Amino acid sequence: MDTKELLKKVRKIEIKTRRLSDHIFGGEYHSTFKGRGMTFSEVRQYQFGDDVRNIDWNVTARTNSPHIKVFEEERELTMMLMVDVSGSEMFGTQNQFKNEIVTEMAATLAFSATQNNDKIGLILFSDQIELYIPPKKGRSHVLRIIRELIEFKPKSKQTNVAEAFKFLSNVMKKKAIVFVLSDFVADNYKQNLKIAAGRHDITGIRIYDKHEEDIPNLGMVQMQDEETGELILVNTSSKKVRQNYNQFYNEKVNYFKDSFTKSGAGVIDCRVDESYVKKLLGYFKRRG
């Protein structure tokens with residue numbers, strides 16, 4: 001893609017997603033995530049009605065009069081966007097590929113965070129860490145993130161979600177708001193997710209196409225595995241084949257929901273032909 005074409009695409013996404021984040025998500029994002037982090041501010045004398053759990057016993061003993069610790073909201077938060085760039089993200093039958101929806105959702109979330117003057121970082125992953133952009137503030141930084149989401153070419157087409165969570169835990173020592181965008185056709189990441197969720201506020205956004213849920217009966221069909229590149233002949237008229245695929249797919253979906261829920265993380269399911277705006281808004285409202 002030439003530079004002119006790329007800039008046109010970035011601008012188009014910025015106009016669409018910025019409008020959404022300004023009108024819809026700014027306030028929702030703010031009320032959902034602000035005030036989660038509290039930092040110590042000062043010690044002052046106890047006043048009637050103060051929460052006794054905040055009494056500073058050391059200062060109280062030293063001064064012979066009750067003092068309490070005062071906390072204030074951490075005004076600045078950090079948002080990390082973790083985006084799956086493996087081969088299966090190129091799948092799509094409903095006007096848009098999954099990776100196009102991912103780009104729009106990530107941009108909308110990034111602009112919502114920018115409105116709050118928060119930092120935004122990006123991790124692109126396959127079965128390895130493809131790209132890491134450390135958190136920074138500002139519009140030009142968000143535009144760089146959108147640019148990478150549009151034109152980045154991954155080295156690998158396979159997926160390893162566990163590796164991505166491991167990397168997150170290593171690079172982000174302070175609490176962050178983390179959105180993981182993937183189709184989550186993966187497993188063996190529960191433990192790494194649990195560790196990361198112990199420190200960070202994590203939400204998994206599963207983006208999928210309805211034609212991935214069931215294979216239609218089309219007779220003998222040549223299919224390519226997007227992650228391995230392997231071409232295979234599949235007899236889609238076989239009920240057993242369709243059942244096996246359905247079972248495999250459902251196992252991955254259930255593993256995703258179970259892993260995130262049990263780790264205390266949030267879950268959003270978004271089909272490519274559904275409104276991601278409604279999905280995000282509904283999620284923020286439920287959590288707010």
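This is a predicted model: local features need pLDDT of at least 70, side-chain atom pairs count only at pLDDT 80 or more; totals for chains, interfaces and linings use all residues.
**View 1. A salt bridge between E14 and R139.** The whole structure holds 15 salt bridges, and this view shows one of them, in which the side chains of E14 and R139 meet with N and O 2.6 Å apart. E14 belongs to helix α1 (residues 3–33) and R139 to helix α4 (residues 139–151), so the pair ties together parts that are 125 residues apart in sequence. E14 is buried, with a relative accessible area of 3%. R139 counts as partly exposed, at 40% relative accessibility. Side chains of opposite charge can pair when their charged atoms come close.

**View 2. A salt bridge between D258 and K190.** The closest N and O atoms of this pair are 2.9 Å apart. D258 sits in helix α8 (residues 239–262) and K190 in helix α6 (residues 190–199), which links parts of the chain 68 residues apart. D258 is partly exposed, with a relative accessible area of 29%. K190 is also partly exposed, and its value is 30%.

**View 3. A salt bridge between E274 and K279.** Here the closest N and O atoms are 3.5 Å apart. Both residues are partly exposed: E274 has a relative accessible area of 28%, and K279 has 29%.

**View 4. A network of salt bridges around R11, E14, R18 and R139.**

**View 5. The buried and exposed residues of helix α6.** The buried residues of α6 are L193, A196 and A197. They cover an arc of only 100° around the axis, so they lie on the same side of the helix. An α-helix has 3.6 residues a turn, so residues three or four places apart point the same way. On the other side of α6, the residues Q191, I195 and G198 are exposed. To be called buried, a residue must have under 20% relative accessible area, and to be called exposed, over 50%.

**View 6. What covers the buried side of α6.** The elements over the buried residues of α6 include helix α5 (161–171), strand β7 (201–208) and helix α8. Helix α8 also holds D258, the residue whose salt-bridge partner K190 lies in α6.

Definitions and conventions: Residues are numbered from 1 along each chain as its sequence is written. Side-chain values use heavy atoms; hydrogens and water are left out. A salt bridge is a side-chain nitrogen of Lys or Arg within 4 Å of a carboxyl oxygen of Asp or Glu. Helices (H or I, at least four residues) and strands (E, at least two) are DSSP runs, numbered from the N terminus. Buried means under 20% relative accessible area, exposed over 50%, partly exposed in between (1.4 Å probe, protein chains only). The arc is that of the directions from the helix axis to the C-beta atoms. Contact means heavy atoms within 4.5 Å.
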